[in-house]
Structure formats: C-alpha cells, structure tokens
Protein chains: 2
Amino acid sequence: MLFWNRLASRVGTAGRLLASVHAVPPPRLPAVGRLLRASYVSRTAVSAENSKSTADDGQLAFPCVDLLADRQRALDNGPEPAYDRVVTGYETYQHQGEFCLDHGGKLRDFRLAYETWGKLSADRTNAILLHTGLSASSHARSHEKNLAPGWWEKFIGPGRPLDTSKFFVICTNVLGGCYGSTGPSSVDPATGERYATRFPMITLFDMVRAQFELIDHLGIRRLHASVGASMGGMQSLAAAAMFPDRVGRLITISACARSHPYSIALRHTQRQVLMSDANWNKGHYYGRVPPHIGMKLAREIATITYRSGPEWEQRFGRKRADDTKDPAMCPDFLIETYLDHQGERFCLQYDANSWLYISKAMDMFDISESAQLCLAEKRRNTHGNNDLWAAQLSAHAKALEAIDDNIPTDLTSSADFAANERADLARGLGAVQMPTLVLGVQSDLLFPHWQQREVAESLRAAGNRTVTYYELDAIYGHDTFLIDVVTVGAAVKGHLENSIA
Amino acid sequence: MLFWNRLASRVGTAGRLLASVHAVPPPRLPAVGRLLRASYVSRTAVSAENSKSTADDGQLAFPCVDLLADRQRALDNGPEPAYDRVVTGYETYQHQGEFCLDHGGKLRDFRLAYETWGKLSADRTNAILLHTGLSASSHARSHEKNLAPGWWEKFIGPGRPLDTSKFFVICTNVLGGCYGSTGPSSVDPATGERYATRFPMITLFDMVRAQFELIDHLGIRRLHASVGASMGGMQSLAAAAMFPDRVGRLITISACARSHPYSIALRHTQRQVLMSDANWNKGHYYGRVPPHIGMKLAREIATITYRSGPEWEQRFGRKRADDTKDPAMCPDFLIETYLDHQGERFCLQYDANSWLYISKAMDMFDISESAQLCLAEKRRNTHGNNDLWAAQLSAHAKALEAIDDNIPTDLTSSADFAANERADLARGLGAVQMPTLVLGVQSDLLFPHWQQREVAESLRAAGNRTVTYYELDAIYGHDTFLIDVVTVGAAVKGHLENSIA
C-alpha cells in the first residue's frame, strides 16, 4: 500500500531524467585543503557503537533484504498497480480490425495512446513523429491535461529543438507498452482476460506500422520528420525505411541499424533476472503481487547501461552513503544507493511483461535486407496476401532490389563476410534517401558510437548524399539525449529547420 | 542430484577459461557467396509446425524457467554441494592464533589452501607469489595430485612465462574463499557452526597478510616477485605496498589502485541479484538448497563484464541458437545461450557467501594514503597494539610520511580535487619502488585501461623509476590475461627474467 501510494503520486517516464539529474546531490568539492586527511580524522572519530552494522554474534545486517520482504507484505494486502494510471492526459486511437504481426501473431484490434503539441497546419505537412525509448510513455512534454514534466520536456516547445510554434509533434506509447496502448497487460477481446504472455511476439516494425495507422487516422500523408533516440532511434530508422515517401527528414540518436550481441547480452540478463522472480509466474501475475523484486533488479542493471563510468567518477567517486557506518553488503557506496533508488522507484511503475516484449523486440531489430526479406516472407506465409501491408512490403522489396548489387559471389575471408554484412545493411536502408541526422555519443556503452557510425556509413553506401553524422564527447553515456539539451538540442533543431534544396 | 553429479565431474576454476574458449564454436565463415540470401531461403523453408514455441492459445513457452524449477526439485532431494571437493590436490597451511582483520573482526585461526610448482632454491630467493581473481582456486596449473588444467595452465611450466625450471611458484585460495581456505562456509571454532554471514568483513589487505603468514611458514624472507591479474593484480599491488622489502618485482595486470564507481556498480547488481534469491536466506543456506538461481544470474552479469563487445561481435554476431525456431524470451540468440551456459556451470561450483565477501572486499579496495591510514587507525582502535601487524603498519605509515608532500592547502576547483586524489594515491604507493610491470587492455570494461594507467602514473609520481606500462589492443576484454598467452605471457616473462641493475 505504502509503496503504491507513494508511487501513484509520481508521474510516468519523466522520472528517469529527473531522478538521474536531481535525486542524488553531486559530491561537494572540498573548500579547504587537506580534505583527505581531515575526512580520515572525522571518520575514525565516530564512536564504535554508532557505526556497528553487526549483531553481537557477528551476524551482518541486511536492511535491503528486509525492505523487499516488507514490500512483498504490503503488496499482499494492497491493490494491484494500475500502470495505465501512472500516466494520464493522453488521447487514444482505437484501431478497428485485425492487425497482423511480423512473427505470425494477430491482434483483433489495438489501441494507441498518444499526445500532441503544437498545431497541425492546414496542409498537414508540419507533423513530427517522435518515437520513445523502451519504457517511456507518450508524455514527452507537459501540457494542460498533464502538468507533470515529460521525458523530453526541455526539447519540445516554442523555440525549442522540436519547435511547437512551427511543428505539430506527435508522440505515442508504443504497441506492447503499458501506458494506454495495447500490450500484455491489456484485455484480449477474444477471451475477456488479460493477454499476459499469450500476447504475440512483436517487432519494432510492428510498432511503427501501428503508429502509421494513427498517422493515417490523423489525415497526415507525409511527416516533416521522424525523430527518436535509443529504441526510438531504431523505430525512427525503421519508419524511414518502411515509409520512405512519407518521411521528409530522419533523425536517429544513440541507436543502431541492428542490435549487436553486447546489447543483447545486457538485455538478456535483465530479462532473466525478471523471469526468475517467482512472482512473475510466467507472466501471469495480474490480480496478484507483481514481480517487484525482479523489476527492481532489472532496472538497476539497465541503469548501469544508461550512464557511463566517467560521469559516475565525477558524480560519485568512492563516496559512501554514510562514512560513519561500517562497510555493509547492502547499498553502501553512494553509487549503490543511487542504483537502488533507481530500481526502487521503477519497480511498480512499469508492467514487467511490457518490458519483456519490448526488450525482446529490440534484440530482434535488424534492418538489413536479408532480415527484412525474411520477415516479409514469414508474413506472407502466415498472413497471406490479405494484408494491408502486403503492397507496402512488396513495393519495399522492389526498392531494395533496385539497389545496385555488386557483391562478389565467392566470400571466403572474414573481411569478405564483414563486407557482405555491410552491403546487406546498405541494401536494407536503400529506400532511406531523405536528409538524415545520425547522432552518436562516445561514452555510450549500450549503443556504442561505432553503431551510429555504421548507420551513417550504411546510408552513405546506399547512395544517401544528405547524411549528417555527429559524434558527441558528452560523458552522460546512453542517456545523453535526455540531458544535454544544448548539444543534442541544437543538432536536432538545425536538422529540422535548415532549408534543404 | 543430476546437476550436482554433473558438476562434481568438472574441475574448479579452470572452467571459465576453457568454456570461454571452447564451449561454443565460433560462427563459421561462408564458403560460398550470397550467404545471406541463402540463409534467408533456408530459414523460411522450415515448416511452421517445427518452429512453433507457443501453445494453441498463444501462450509462450519458457523452458529456461522450467529448468530452474527442475533444479530446485533435484536439489531438494540431493546432497548439499561441497565446494571444498570441487578442487582437490592442494596443500594447506593452518595458522594458529588470532588473526585480526582491518574492519575490526577477528578469526580465532585460519587455514589457507595452496599449491606450488617448481623447486624452492637453497637460498629461498626464487619464489613467486601468484594471486588469483575473485572466484579462482589455488589450482593455477595441473600437477600430479590434480591433473585437471589450472586457470593459468599455459602460463606456468618449464620455459613458460612463470618458468618452473627457474622459479618456485606459489598460489593460494584467498582468505574468504571456498576452495580449502577459511571462509564463510567454514566452521567457526567458537561455535562449531558454519560462519555464514557471521563471518567478519575482510579486505584485500587481510588476504595479503594471510598469504604472508604462509610465506613466513615456508621460510621465505623475500619473494622474487608478486604477480596477479584482476583482483589478483590488486592484491599484488597491495603486497608490494605492505611488504616493500619482501617483494623483489611487481606485476599487476588488468587491475586498479582503487575500485571505481562503475566497477562497484557492476558488482553491486551481482550481489543484489544473489541476495534477492530466497534460497540465500541472509547467508544461512548451509544444509539447505543453496541460492543456485541467484548465483547463476550473478555469474551471467559478471560474464558480460569479463569479455568485450568486439569479441562477441566476431564470435556470435546476431547468430541464433536455432534459426528454425520462432523467437523466444528464453535464450535465443547464441550470445544468450553462451551466457546461460556460463551461469549454469558456475551456480553450484562456488559458495555464494564467498562471492559476496570477496566481491565486497574488491569494492572497498583503495590503496591511497588516506584510505590506508584510515584502516590502520581502525585496526589500532579495535585491536590495540597487541597486533603482529602494528609494527608493520607503523613502518609503513612512516614510509608514507617520507614521501615529499607538496599539496597546496587551498583546493577549490575540481582540477585541484583530482590533483589531490592523484597525490593521495602516489603517497599510498610510496613504498613501491621495486621494478614494476603494469598491464592494461583497451577493451576491458570492468577495469578500463585508464585505471592501469593511473597505477603506472601514481607509481612514477611516487618516484619509482622502473615502471613498465603496456597497453594491449586485445579484444578479449578483462579476460585477456586468461587467454592471450602470447602477448601477456611475453610481457610477464620479460619482466621476471630481465636482469635489472
């Protein structure tokens, strides 16, 4: 109860940014000299009694483990978390009719939550589709129906990088999410029960298709731009590849053209940790206690991949949460209390099954030609041609075929293999000929900057002569796009507003 | 039963190296051209029936979760894992008398498991003390009492980097470990029960002190060299700082002078995952089912920090374990089955409490002057001066004081703060004036190479004129020291055998 009540007073996905920046004060710099000797004296001056974290028989204390047990008890007696109440004030688009998915699944219908900022112009040519990261909601910026700051609060508004005095900005909660869009926590109209892990596998391509159903519904033929970072940058790239004639400009930040094994490994551990929580119960936890421990741990691991060593070096160094205490196995160093806090505040805020499905969709993302053709074939085999997207796919395949194909036919070396992979990517991005901004951050460990360089080089190899690639030396790692409004913001604004012949 | 039996037939810590190199075959390179199109055809040609991983109602299957439940049931009925039987054929040193620890704890006595290779010379000057990483045993190389390959098998032997025709090599299982040395799984002589989490907090300095009790016992006054990588490299550095007149040469590989927040964060998540396993039971699982799930997950996270993205890119790429199967939440990509395998084979092989204590000892490691003085003061406060080490500590403190101290007294900027930290490190390493080899690897994420550069620069700042620093461009990440016998081996051999005036 306590935890859920505390949670309900917070707001959605803006949290990560705010908490990251403000939750833990940065270590203060020493005002006077010989700090280290001084702190050594003050530390040892503390009485032995106050600093004890062990019982008389030497038994260590584990307050962090007790906390989890306390929450379990509270949740046993409390109401179930309702994720669709964490974020409010969004619009919904209800799609009527069957929606066919890449891996053979179908949804009888679906709903997308979305929010907009600015005004759609009379000729409907000023729309920007903004894509989100894994756990974000449609609430990218505050507005009168929801005053809480959004996850890209400073990037959207009059005069801002996404300038709402010029553009009509649309952001959705992705298909598979839990903030108002159809996902595993939704009720399956076929059974009247929650989907849970009967929800079909979805891809980032499926998510983008669903978004374009909304774009159609809004009467928008062509977007001024498709914009996104992290998973949003992958979707943004997918949107440009799937609907090249409907995307005027492309921005993809801290993303990739295909998920690489190190990123898959990092997400794998998060999923495994979550799935090992007995409360997860193979996804059937609705109406029961959700896997709060697994989600907390998964989020802590994820948080490590969102930031960087250099930032934490500056921010936390080797500071302990309480220098007067004996060392402990539970959070002890300041960096540990920070991670604990990040996990704590997230664990009842986002649906565990949504996390699993979307995390897996990221792993599966590969925009190379061979991967796209493979999915297209699977769609044809399972859904036949009675599919809204068959024409689109076939047109797309045709566009891919049109790319000049001069790969040698005898590949025996590792270099040839790599060359083939690069050519495969270039062909997969053959349709993406619109002006494109690719942004990478050198301190990003989750999507290392060579992956953004791969995107830029693949686009250039595919003949796109309007590719801008910036590599930032920011220290915030993967999360730089949430924080660095000066550097990231200017690049975005420049690309969106620069007149291009 | 099944799992434990399978485990018992394997041997200790050699596993990580062997499994890493051989367990999963590297992806084959294409022998003929147009591989990607070909594989696209073969993939989609598979019948829909064989590839299904869902039930008729769409319920996804989770074989990896079922496996954990199976093991839980098997362990419920089977004997308890006996970690001290995982490795065999070692000698033991039994220390009689109280052993005082840095953080105020005491051991009534302790035991160290150790193994040796080569022959101690008549003048006892040819000994090399080899320190281990977190989970390694004393079994660094095979010998007649234990024929299984050791964790540094190729590095030790006649003519090898640690040349047993010249040197007498000693390797111990660290204090706190579970392979024959006293640790949390040992019986407390005061109570007749296992220590579990009544075991006192230990530091890397405590481990080194215990090792030097053994060195005394062997009648060795001065080591030819102290050698180690990873946590072993931290211990090696500590040995040189604590016993400068007893260490002839120093080698520290892929280690650091103090643990940094990113490494602490990575170990924090591993500990949290382990401690959240209900079977862990605040450390009191002896005689019951051990926290096999938590250990498996912790090891999977750790494995990510042992290797590198570039290596996995070459080795696994985006290969799936079985291309004919539908995508699944359980291990699916080859990188996932690799991680799963690493966790699986480790989870009953190492004592969970040992992992916690030693992992925490790594976090606490800081060889700066202020940190050492702080610990020394704590020892004096809790153990008084009736301590074998008081004289040593006081001599050491005196050596530290002798270092020229010209730190400005008004520090107000971040640059001053960093300068002060560097000076604090240099003073902490002031006694380390012997010839030193520091080795770093550019692809190491757990101990990034700037941390080894920090070690080298601190030693030079402290006046050591015989510091060699090599930075390797190997792609194996932190584990390079286990694999690259050519590059790492030659550097080690050169440093140990080069005549130094």
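Q: Is B:Glu369 buried or exposed?
A: B:Glu369 is buried, with a relative accessible area of 1%. Buried is under 20% relative accessible area, exposed is over 50% and partly exposed is in between, with a 1.4 Å probe and protein chains only. This is a predicted model, in which local features need pLDDT of at least 70, side-chain atom pairs count only at pLDDT 80 or more, and totals for chains, interfaces and linings use all residues. Residues are numbered from 1 along each chain as written, chains are lettered from A and ligands numbered from 1 in the order written, and side-chain values use heavy atoms, without hydrogens and water.

Q: What does B:Glu369 pair with in a salt bridge?
A: Its partner is B:Arg427, at 2.6 Å from N to O. The rule for a salt bridge is a side-chain nitrogen of Lys or Arg within 4 Å of a carboxyl oxygen of Asp or Glu.

Q: How about B:Glu311, what does its side chain meet?
A: B:Glu311 forms a salt bridge with B:Arg315, again given as 2.6 Å from N to O. They are 4 residues apart in helix H10 (residues 309-315) of chain B, which means a separation of about one helical turn. B:Glu311 is buried at 5%, and B:Arg315 is buried at 9%.

Q: How many salt bridges over all chains?
A: The count is 72. One of them joins A:Lys145 and A:Glu91, with the closest N and O atoms 2.6 Å apart. A:Lys145 lies in the loop between strand E5 (127-131) and strand E6 (156-157) of chain A and A:Glu91 in strand E1 (residues 91-95), so this pair ties together parts 54 residues apart in sequence. A:Glu91 is partly exposed, at 34% relative accessibility.

Q: Switching to packing. How do H6 and H7 of chain A cross?
A: The axes of H6(A) (residues 204-217) and H7(A) (residues 231-242) come within 9 Å and cross at roughly 70°. Axes are lines fitted to C-alpha atoms, for helices over the stretch in contact, and angles run from 0 to 180 degrees between N-to-C directions.

Q: What does that angle make them?
A: H6(A) and H7(A) are therefore roughly perpendicular. The classes are under 35 degrees for roughly parallel, over 145 for roughly antiparallel, 65 to 115 for roughly perpendicular, and oblique for the rest.

Q: Which residues meet there?
A: On H6(A) they include A:Leu204, A:Phe205 and A:Met207, and on H7(A) A:Met231, A:Met234 and A:Ala238 are among them. Contact means heavy atoms within 4.5 Å.

Q: What about A:Thr252, which element is it in?
A: A:Thr252 lies in strand E10 (residues 247-253) of chain A, and is buried at 2%.

Technical notes
Helix = DSSP H or I, 4+ residues; strand = E, 2+ residues; numbered from the N terminus.
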